[in-house]
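Here's a quick briefing to read with the sequence and the 3D view side by side. Take it one topic at a time.

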Amino acid sequence: QVQLVESGGGLVQAGDSLRLSCAPSERTFSRYAMGWFRQAPGKEREYVAAISWSGGRTYVADSVKGRFTVSRDNAKNTVYLQMNSLKPEDTAVYYCAAKDVPPSGSLWYGSSAEWYNYWGQGTQVTVSS
């Protein structure tokens, strides 16, 4: 069972930047497509970004496009979500998710929470106005 650990959340002001990181709790050698989701109080979980195992394909939701960037460092088994120009409406708990894929799936990524096998506990991001 893979456990994902997110870090980098916090309280910032509007316009600030944060970089979230997500890594497995133990060193693994599997291939994982990764996704980022967020959930604000009283709202449904929202798909934010995703990146294929190879890093060759990425996706960023329209709501954050131009401000958020997803990347990964496979040597460190870590995926990042760079968040710039943060807005109060970005306030949410941010979750990373992973799905192990076969070698042929180097460009796969999922757009729904159901596609992913593993989830982190989430990290709180609060943006004050």
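C22 is buried, and C96 is buried too; "buried" is under 20% relative accessible area, "exposed" is over 50%, and "partly exposed" is in between, using a 1.4 Å probe and protein chains only. Bear in mind that this is a predicted model, where local features need pLDDT of at least 70, side-chain atom pairs count only at pLDDT 80 or more, and totals for chains, interfaces and linings use all residues. Residues are numbered from 1 along each chain as its sequence is written, and side-chain values use heavy atoms, with hydrogens and water left out.

**The disulfide**

- Those two cysteines, C22 and C96, form a disulfide with their sulfur atoms 1.9 Å apart; the cut-off for a disulfide is a pair of cysteine sulfur atoms within 2.5 Å.
- The link ties together distant parts of the chain, since C22 sits in strand β3 and C96 in strand β9, 74 residues apart.
- Its S-S torsion is about 50 degrees, so the disulfide of C22 and C96 is right-handed.
- How many disulfides does a search of the whole structure find? It finds one.

**The overall build**

- The protein has zero helices and eleven strands; both are DSSP runs numbered from the N terminus, with helices being H or I of at least four residues and strands being E of at least two.
- The radius of gyration is 14 Å, close to the 14 Å from the globule rule for 129 residues, so the protein is as compact as a globular protein of that length. (That radius is taken over C-alpha atoms, and the rule is 2.2 Å times the number of residues to the power 0.38.)
- Along the principal axes, the C-alpha atoms fill a box of roughly 45 × 25 × 25 Å.
- Of the 129 residues, 43% count as buried.
- The protein exposes about 6,700 Å², and carbon and sulfur atoms supply 46% of that; areas come from the Shrake-Rupley method with a 1.4 Å probe, and for residues only the protein chains shown count as cover.
- Look at contacts (heavy atoms within 4.5 Å) between residues at least 6 apart in sequence: 59% of them join residues at least 24 apart.

**The nonpolar cores**

- The largest nonpolar core has 29 residues, and W36, F68, V70, L81, M83 and Y94 touch the most other members. (A nonpolar core is a set of buried Ala, Val, Leu, Ile, Met, Phe, Trp, Tyr and Cys residues joined through side-chain atoms within 4.5 Å.)
- Strands that each supply at least two residues of this core include β3 (18–24), β4 (32–39) and β11 (123–128).
- Strand β9 gives the most to this core, with four residues.
- Apart from it lies another core of five residues, among them F37, A50, A97 and Y116.

- Strand β7 (residues 68–73) has a covered face of F68, V70 and R72 and an uncovered one of T69, S71 and D73.
- β7 runs antiparallel to β8 (residues 78–83), joined by six bridges; strands pair if DSSP finds at least two bridges between them.
- Across the pair, F68 stands opposite M83 in β8.
- Four residues lie between the two strands of this hairpin, and N77 in the turn has a positive phi of about 50 degrees.

- L4 lies in strand β1 (residues 4–7) and is buried, with a relative accessible area of 6%.
- Beyond its neighbours within four places in sequence, L4 is in contact with residues including C22, C96, Y118 and W119.
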